[in-house]
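Hi,

Here is the structure you will be working with. Please open it and keep it in view while you read my notes on its salt bridges.

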Amino acid sequence: MFIALSLFGFSSLATANQVDEKRLAEQAEQFQNALSLAQTGAYDKALKIWNSLNESGELVPELKRAIENNIAVILIKQKRYDDAKKRLDLALQADSQVATTLENLNQIYAYDAQQAYQRIFKDTPVNQPKTQWLFFDIKQAKLPTDNVITDAKNADSVRLVKKSIEQWRQAWSNQQVKAYLSFYDKNAFIPKNGMSYSTWEKSRYRSLQNPKFIKLFLDDIQITPISSTMVRSRFLQRYHSDRFKDDVYKVLLWRKDDGLWKIVQEVVMYGEQ
């Protein structure tokens, strides 16, 4: 969804941000003009106005977020997904209206994952990202600040996968090989470099049992539902043992089978920031 504006009753928010009320009203009017253009498909004209407002450098956080989000929506409609990701990341630097912005970003991540995994798992559909415009109402002095997306349909999947990730981490850190391997789907897991599952399993016994100690920490965990039976997780993995130490980003693809979430793909992304 786009973000829409109302031009009255915003004195409290203007005062709180020490922004001249007249200038804020003018900015809101420009924003609304651009929104009207965007909603009729005049994307270039809308982008010109929103980019001009951005360059002014004098925007309240709510307006800044609304502009960045709506520019990203246009980019998504133009299938410029990488540019849209950058815009949505910028929008997240503001401090309100987070839920819709995060959902738009997750829609792109889910789309990327669907494309990648459909080649392997044929039952995974590829759906175009479903974007939402944000509505910036300057009559509201207080806006939501909760940055956690709550989707009733996917809440249980996210919760269970998050719990499984922590249990997987603990099993690895405690060098409990059987418990660690229990999180992988023996029938569907795809080891890297064309390695067979049995060969990979033996290599994991060595990797977990040979070090004198293993310390494993996970940061920046992101969980994106792809379908009712498939979830993508991404995090920064910090590994430290007496033999080796590294920090890498990792993606785990989880699939639900008989009510249990199992890892079917594991990808290390070296050099990602």
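A residue counts as buried under 20% relative accessible area, as exposed over 50%, and as partly exposed in between. By that rule, Arg238 is partly exposed, because its relative accessible area is 33%. Keep in mind that this is a predicted model.

Now the salt bridges. Side chains of opposite charge can pair when their charged atoms come close. A search of the whole structure finds 9 salt bridges. Three of them are described here.

Start with Arg238. Its side chain meets that of Asp219 in a salt bridge, 2.8 Å from N to O. Arg238 sits in strand β2 (residues 230-241) and Asp219 in strand β1 (residues 214-227). The two are 19 residues apart, so this pair links distant parts of the chain. Asp219 is partly exposed too, at 32% relative accessibility.

Next, Lys250 and Glu266. Their closest N and O atoms are 2.7 Å apart.

Glu68 forms a salt bridge with Arg87, with 3.0 Å between the closest N and O atoms. Glu68 is in helix α4 (residues 61-77), and Arg87 is in helix α5 (residues 81-91). Glu68 is buried, at 1% relative accessible area. Arg87 is partly exposed, at 22%. Which residues do shared partners join into one network? They are Lys64, Glu68 and Arg87.

Best wishes

Conventions: Residues are numbered from 1 along each chain as its sequence is written. This is a predicted model: local features need pLDDT of at least 70, side-chain atom pairs count only at pLDDT 80 or more; totals for chains, interfaces and linings use all residues. Side-chain values use heavy atoms; hydrogens and water are left out. A salt bridge is a side-chain nitrogen of Lys or Arg within 4 Å of a carboxyl oxygen of Asp or Glu. Helices (H or I, at least four residues) and strands (E, at least two) are DSSP runs, numbered from the N terminus. Buried means under 20% relative accessible area, exposed over 50%, partly exposed in between (1.4 Å probe, protein chains only).
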